[in-house]
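Work through the following exercises with the sequence and the 3D structure at hand, and try each task before reading its solution.

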Amino acid sequence: MRFWKRAAKRQVHPLHMGLVGRKQLSVSLRPAEWAELIDSLAWQDAKRRSAWAPPEEARELLMPIVRAVLEDVPPDGTLQVTTDLRGLAPQDKAGPRRTLPAPPAVERTEWYVTDPWLRLRADLRDGSVLDLSVTDHVRHRRTEKRSRSGRLKIKVKTKGVARVSATRTLPRGAAVRRPATPPPPFVSVRVREGERTVIRTDAKLAVDAQVRPTPERILDVLTELFRWTPPKAARRTS
Amino acid sequence: MDPAKGREEDELTPCTVPTGFFLLGLCGRASVASCAQCGRAVCGEHQEADGLCPECLAARSDSPPGPFDKGWSRRYRRDYYERIENVYDDGGWYSRLDAYDRGAFDPGDSHGGDDLIPDDDTSFVDS
């Protein structure tokens, strides 16, 4: 390998290589360690036609969520992320196919693809713990029809939802306050009060085989968790 | 003004740059300078190019930074708080950010310890 190639490779963070090569990442890092990884990704993202350029999904989907949450993680806290950005194509995500009733000369099959592409856990600076999971569920229906002339027509329809589920476990004794306005219709919320109150939000967002929910939509769901605690509860700063 | 005296005052004044995304706060580290544009006290970590605070630097840039850029979170946070107010129909949500952002300019603000964190009633926006 030429010297300049070796030099370029040395500056790429090892986790960056994994993210580019396998489109997967499973790490638990402190904010300073995340900063090193993000620096490495930024450096390659700025270069044109770089072999180590981060995947589009990392830039558009993963990074906005990670960077927003990182802002609330103290220097000694950790942010765990397990992500799979390969999409719906890998066969290990597809469930078994089943045949549906159909008229003669028509064959219909149906299968579901489940893609749990993001799991995240963060120790926040007010002492609470944030958990987030995003899973895409997409139904595929394939219809094959053979005409009298023997010509085969194939049609595939997809329909999907992304299930976003998030919980925030508050520190012991933290007070909660019902927000002045209800959440938007696509967000449901449950609060389990106790020694450590747990606030949980769930949402079902429409997706299809090509389009995932935007990071903005996912942050919309997370927002509800933080409306239940008054700003005063978030006192400790960096 | 005596530069040495000014520097001494900066050291006594905590940094008032807003931090956090959902859990807003003020930095609170010992400041080393004032922002050349807004005069906000800034610590060494939050002192950006041209002597600006991160907020003023983000406001100055014409093109929105990419998600890997250093100043991205601040710009994104501002956009998020503006947008989420409509999603949740919750006027108090944006005023949270506004209170922290304008807190540095509150003449009655006592800069010390936990008092750095403004309460609900320090909001400048009527809800």
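**Exercise 1. Describe the accessible surface of chain B and the way in which its secondary structure is arranged.**

Solution. Begin with the surface: in this predicted model, chain B has an accessible surface of about 6300 Å², and 47% of that area belongs to carbon and sulfur atoms. Finally, consider the contacts in chain B with a separation of 6 or more: 34% of them are between residues 24 or more positions apart.

**Exercise 2. Find out which residues gather in the patch of positive charge on the surface, and which strand gives the largest share.**

Solution. The patch brings together A:Arg108, A:Lys145, A:Arg151, A:Lys153, A:Lys155 and A:Lys157. Its largest share, 3 residues, comes from strand β6 of chain A, which covers residues 152-169. A:Lys155 is found in this strand, and because its relative accessible area is 54%, A:Lys155 counts as exposed.

**Exercise 3. Determine where the partners of the salt bridge between A:Glu110 and A:Arg141 lie, and whether each is buried or partly exposed.**

Solution. The closest N and O atoms of A:Glu110 and A:Arg141 are 2.8 Å apart. The pair links distant parts of the chain, since A:Glu110 belongs to strand β4 (residues 106-123) of chain A and A:Arg141 to strand β5 (residues 129-146) of chain A, 31 residues apart. A:Glu110 has 2% relative accessibility and therefore counts as buried, whereas A:Arg141, at 34%, counts as partly exposed.

**Exercise 4. Examine the salt bridge between A:Arg190 and A:Asp202, and then the one between A:Arg227 and A:Glu224.**

Solution. For A:Arg190 and A:Asp202, the N to O distance is 3.4 Å. A:Arg190 is exposed at 52% relative accessibility, while A:Asp202 is buried at 18%.

For A:Arg227 and A:Glu224, the N to O distance is 2.9 Å, and both residues lie in helix α5 (residues 215-227) of chain A, 3 residues apart, which is about one turn of the helix. A:Arg227 counts as buried at 3% relative accessibility, and A:Glu224 is buried with a relative accessible area of 1%.

How values were computed. Residues numbered from 1 in each chain as written. Chains lettered and ligands numbered in written order. Predicted model: local features only at pLDDT ≥ 70, side-chain atom pairs only at ≥ 80, totals over all residues. Heavy atoms only, no water. Patch = residues over 30% accessible without salt bridge, like charges linked within 9 Å, V, L, I, M, F, W, Y side chains within 5 Å. Areas by Shrake-Rupley, 256 points an atom, 1.4 Å probe, with all protein chains shown as cover. Salt bridge = Lys/Arg side-chain N within 4 Å of Asp/Glu carboxyl O. Lys, Arg positive; Asp, Glu negative; His and termini not counted. Charge placed at Lys NZ, Arg CZ, Asp CG, Glu CD. Helix = DSSP H or I, 4+ residues; strand = E, 2+ residues; numbered from the N terminus. Buried < 20%, exposed > 50% of the residue type's maximum accessible area, 1.4 Å probe, protein only. Contact = heavy atoms within 4.5 Å.
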